[in-house]
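Welcome! Take a look at the molecule below, and then we will walk through a few of its features together.

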Amino acid sequence: MSATVTKAAAPPTTAGGPRHLAGTGALLRLALRRDRVMLPVWVLVLGVVVVSGAGSIDALYPTAADRAQVATTMTANSSLRSLYGPVYGDTVGALVAWRFGVFASVLAAVMSLVVVVRHTREEEETGRQEMLSAAMVGRRAPLTAALLAALVANTALALVITAGLAAQGAGGALALGLAIGLTGMVFATMAAIVAQLTESARLAKGLTAGVLGAAFVLRAAGDAGDAEGGSLLTWLSPVGWAENVRAFAGDRWWVLLLSAAAVLVQGFLAYELTGRRDVGMSFLPARPGPAEGRLASAGALAWRLQRGGLAGWTAGFLVAGLVFGGMVEGAADLVGDNEQARQIFQRMGGAQAISDTFLAALLGLFGMVASLYAVGSVLRLHGEETSQRAEPLLASPVGRLRWAAGHLVIAFAGSVLLMLTAGAGMYLSYGRDFGGVMGAAAVQLPGVWLLGALAVLLHGAFPKAAVAAWGVAGLSVAIGWIGPALDLPQAVLNLSPFGHLPKLPGADMAWQPVLVLVAGAAVLVAAGLAGLRRRDLVTS
């Protein structure tokens, strides 16, 4: 397909002018209305996780001596620096910024890129933007509304963090909130650029997420080699900029100017690009694929559509496994004599030797993240259906079950690949107990499959509620991540399927919960496919 428009069709390239922004307010209200559930959940959950960290750290390390010791220990461990960054201070606020700053910045970036792509390229891909553009809507109004929606979300997140941590120091709380919010906006404007370059919302999200992953890796590599955060690799990463604000430890306000400048430059470039192409077109045209051969079956088509995403997830799990595996030997030093820290890990990974407990806890987290892949891969069916690409395919001799089966095989088998890859990575850097590590990785799969199966049920039987599968998976991750640290009751921890799995390695294998979860997943998949066979296709 053609990538750009002719000169006659292109409007003036200036980014200003009221006629280019006509309808922005209405589109912003529409975007916020569509995201009235998703954005508040993102902001509140992420903000509460960061803010609640202050109470957890104060309980774990109640004295200044305890905090000074843990700061020294964390900074001396290159594996921990690569994961969280260096510790720049020994106050509660500084430890919160160290423990949650990097990951909150990454999650704010994910939220932002999803919002921008959803209200730009995805609107064009589904044809809705073309109908809106037939009204009094300016050329750059959709992009402006999408960026403003991301700005509203990131501003709200910064305010939640600032207000929640103000007791630890108002200046540091504001610095941390701005650092996280501006990181989100850096990737919002980056997603805006990528959305102009690609024809697919899926590819736009994937490419922007790939840049985010590269930024995280650059920061991790830089911090692993430099305990002061001054490595060139760290400074090449927007995530590294957020870290180097050093909230609660000097508050280097000038570093925020780097993020602000990146937002302005990328935003200007996105505005320039959006004025030089037709609605629905892109600067990088889609590559046509073969009409026969390896794509002659529905399963081959599903593989073609999802192989890039699976490859990216697999590479990420391998790298993360290598990093986390290298931390296991230092687990005892990490916990030390702190009984509260030991109890947290035992709630996550069982009451075994601390290295086994640490392995079980980490692999449990891998399982929770793998469930996000499984849900997303299953819901690719929903995306194909709502974008009306499934309808012409199903008009051929391909039946609905064959069409669905291709994507489901990739979702469930792909999750197996991810967990085994994570286990292999951990074994390579840990260097012992291959069978125990791989078994602990594999035992997480029933929990992953149950959440993926729930997505199948929702898509098949209740398609308008299919996106709720993300909420359930996100709740499971939140319970597993912050539940043990907040000492939530076991009844709450059991709301996640991962709370019922045996804590391997080290604990005895319990087959009953594993078989129950597998059976439950099979029942949900069967019910979802039965619903898919009987209902009409959805178009939005």
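Helix H6 contributes the most to the lining of the largest cavity, with six residues. This is a predicted model, in which local features need pLDDT of at least 70 and side-chain atom pairs count only at pLDDT 80 or more, while totals for chains, interfaces and linings use all residues. Residues are numbered from 1 along each chain as its sequence is written, and side-chain values use heavy atoms, with hydrogens and water left out. Helices (H or I, at least four residues) and strands (E, at least two) are DSSP runs, numbered from the N terminus.

**Cavities**

- Rolling a probe the size of a water molecule over the atoms shows where empty space is left.
- On a 1 Å grid over the protein atoms alone, a cavity is a set of points where a 1.4 Å probe fits but cannot get out, and lining residues have an atom within 4 Å of a point.
- Grid points are joined across faces, edges and corners, and a volume is the space filled by probe spheres set on the points.
- Four cavities of 30 Å³ or more are counted by this rule.
- The largest cavity holds about 180 Å³ of space.
- Its lining has 20 residues, and those closest to the centre are Tyr88, Ala97, Trp98, Ala242 and Glu243.
- Two or more lining residues come from each of helix H6 (92–119), helix H10 (170–197) and helix H13 (238–244).
- Sorted by class, this lining has 14 nonpolar, four polar and two charged residues (Ala, Val, Leu, Ile, Met, Phe, Trp, Tyr, Cys and Pro count as nonpolar, Asp, Glu, Lys and Arg as charged, and the others, Gly among them, as polar).

**Helix pairs**

- Two packed helices are described by the angle between their axes and the distance between the axes.
- Axes are lines fitted to C-alpha atoms, for helices over the stretch in contact (heavy atoms within 4.5 Å), and angles run from 0 to 180 degrees between N-to-C directions.
- Angles under 35 degrees count as roughly parallel, over 145 as roughly antiparallel, 65 to 115 as roughly perpendicular and the rest as oblique.
- A crossing is left-handed if the near helix is turned anticlockwise from the far one by less than a right angle, and right-handed if clockwise.
- H6 and H11 pack with their axes 10 Å apart, at an angle of about 165°, which means that H6 is roughly antiparallel to H11.
- Among the residues making this contact are Val102 and Val106 of H6 and Lys205 and Arg219 of H11; by class, the contact has eleven nonpolar, one polar and two charged residues.
- H10 packs against helix H11 (residues 201–225) at about 140°, with axes 9 Å apart, so H10 is oblique to H11.
- H10 passes H11 in a right-handed crossing, and the contact includes Phe187 and Met190 of H10 and Leu207 and Val211 of H11.
- Helix H3 (residues 38–60) and helix H9 (residues 141–165) cross at roughly 25°, and their axes come within 9 Å, so H3 is roughly parallel to H9.
- The contact of H3 with H9 has 13 nonpolar, two polar and no charged residues.

**Backbone details**

- Most residues other than glycine have a negative phi, and most peptide bonds are trans.
- Arginine 246 has a positive phi, near 55°, and sits in the loop between H13 and helix H14 (256–274).
- Leucine 504 and proline 505 are joined by a cis peptide bond, with omega about 0°.
- Proline 505 lies in the loop between helix H25 (490–493) and helix H26 (511–534).

Methods: On a 1 Å grid over the protein atoms alone, a cavity is a set of points where a 1.4 Å probe fits but cannot get out, and a pocket is an open set with protein on both sides within 12 Å along at least five of seven lines; lining residues have an atom within 4 Å of a point.
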